[in-house]
Amino acid sequence: MALTKEAIIDTVYHQVGLSKSSSRIVTEGLLEIIKNTLANGEDLLISGFGKFLVKEKSARRGRNPQTTEDLQLRARRVVVFKTSGVFRDKINKAN
């Protein structure tokens with residue numbers, strides 16, 4: 001099951017003790033900061049959690065698997081996430 005934005009807002013509401021509307025403002029504000037930082041091409045490091053990296057992908061040749069038609073894929077930027085060592089250890093201990 002995926003964690004939704006609404007579930008995050010509810011968790012902030014219950015665990016932090018903010019009002020529901022304040023929890024929504026804080027959560028949406030944080031997500032907006034993350035989106036703007038990555039959109040500007042900057043990496044984002046959250047200590048104890050991980051690092052979001054913006055990687056440049058060059059244009060390349062691709063193929064439509066249904067028609068086997070060759071096509072040109074454009075250059076683009078993608079976001080990659082790397083977990084911190086602390087977080088990775090915590091995930092592996094849970095199993």
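In this predicted model, strand E1 and strand E2 (residues 50-57) run antiparallel and are joined by three bridges. Strands of a sheet pair through backbone hydrogen bonds, in either a parallel or an antiparallel manner.

The E1-E2 pairing belongs to an open sheet of three strands, ordered E1-E2-E5, with antiparallel pairing. Strand E1 (44-46) and strand E5 (76-83) are the edge strands, as each of them pairs on one side only. From one strand to the next, the twist averages 20°.

Stepping back to the whole chain, the protein contains three helices and five strands. Read from the N terminus, its elements follow the order α-α-β-β-β-β-β-α. The protein is more spread out than a compact globule, because its radius of gyration of 19 Å is well over the 12 Å that the globule rule gives for 95 residues. Along the principal axes, the C-alpha atoms fill a box of roughly 55 × 35 × 30 Å. Of the 95 residues, 15% count as buried.

Val16, Leu18 and Val26 make a nonpolar surface patch of about 240 Å². Valine 16 counts as exposed because its relative accessible area is 57%, where the cut-off for exposed is over 50%.

Methods:
Residues numbered from 1 in each chain as written. Predicted model: local features only at pLDDT ≥ 70, side-chain atom pairs only at ≥ 80, totals over all residues. Heavy atoms only, no water. Patch = residues over 30% accessible without salt bridge, like charges linked within 9 Å, V, L, I, M, F, W, Y side chains within 5 Å. Areas by Shrake-Rupley, 256 points an atom, 1.4 Å probe, with all protein chains shown as cover. Salt bridge = Lys/Arg side-chain N within 4 Å of Asp/Glu carboxyl O. Buried < 20%, exposed > 50% of the residue type's maximum accessible area, 1.4 Å probe, protein only. Pairing = 2+ DSSP bridges. Helix = DSSP H or I, 4+ residues; strand = E, 2+ residues; numbered from the N terminus. Axes fitted to C-alpha atoms, helices over the stretch in contact; angles between N-to-C directions. Rg over C-alpha atoms; globule rule 2.2 N^0.38 Å.
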